[in-house]
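Morning, everyone. Please bring up the structure and keep it on screen while I talk.

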Amino acid sequence: MEFGNPHRHFRQTDSTNERAKKLAGGGAPGGLVITADEQTAGRGRRGHPWFAPPGSSLLYSALLRPFDGDPLLALAIPLAICEAAEAVAPVRCQVKWPNDVWIDERKVAGVLVEARPDEGWAVIGVGINVAIPPSDFPAELRETATSLMPTEAEGEPAPGEAPTVKTTITALNESLARWIEASPEELLGAYRARDALAGRRISWEDGEGIAEMIDDRGHLVVETGDGQRVSLGAGEVHLAVER
């Protein structure tokens, strides 16, 4: 699979995912990538808005075709983001289940997949904060979000070393193609190695417990306080406040 051929870029659009879905419905080929400098209706999972000042972030949607509904796609995408981010910036990434990418427990990237397995395609939506200074994040995000740009404490990068949206697109196209084709064993092993939640207390809508591992279906296995083990297949989880 090759991503980025064709590649359509917009200075402004409502949502790269919406553009990609419309083109997918019209028969666009697999590998199509849509990017934008700015989105007017960008969103993350569960309809959350996505903060991205114009030109500061990679706003990216790729069309995967054919697609048969493989649930492990949800593991491949954050792994591809981690690999791309580490290729363009001196960072170490982890994955917060199911598909948020963290640097030092702050979110640098998110994923929104919108699939039509009955029609044989999926749109892979990715947002990566590339060059947003910490002070530019809204107050409510400053403790939980970050970007690939070095912090003031790390100093200014040498000329040509700073991550850019352009270099990040190239890196993501390459890493996404690789991880889409990876075997289940490779996906699961790599995901577990980057799992940011393993061994930590988490909470979700219906409970709280200790995250144990990612099972072979890509579900998060959690041990609850009464010794029961539950398998979470979807939904939001959060690090619980230590008591």
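Start at Gly69, which sits in the loop between strand 3 and helix 2 (73-88). Helices (H or I, at least four residues) and strands (E, at least two) are DSSP runs, numbered from the N terminus. Is Gly69 buried, exposed or partly exposed? Gly69 counts as partly exposed, because its relative accessibility is 31%. Buried means under 20% relative accessible area, exposed over 50%, and partly exposed in between, with a 1.4 Å probe and protein chains only.

A word on sources. This is a predicted model: local features need pLDDT of at least 70, side-chain atom pairs count only at pLDDT 80 or more, and totals for chains, interfaces and linings use all residues. Residues are numbered from 1 along each chain as its sequence is written, and side-chain values use heavy atoms, leaving out hydrogens and water.

Seven strands form an open sheet, order 1-2-3-7-6-5-4, with mixed pairing. Strand 1 (7-13) and strand 4 (94-96) are the edges, each pairing on one side only. Two strands pair if DSSP finds at least two bridges between them. Strand 3 (residues 57-64) and strand 7 (residues 121-129) run antiparallel, joined by 8 bridges. Within that pair, Ser61 stands opposite Gly125 in strand 7.

Last, charges over rings. That needs NZ of Lys or CZ of Arg within 6 Å of the ring centre and within 35 degrees of the ring normal. Arg19 lies over the face of Phe10, at 4.0 Å from the ring centre. Arg178 lies over the face of Trp179, at 4.4 Å.
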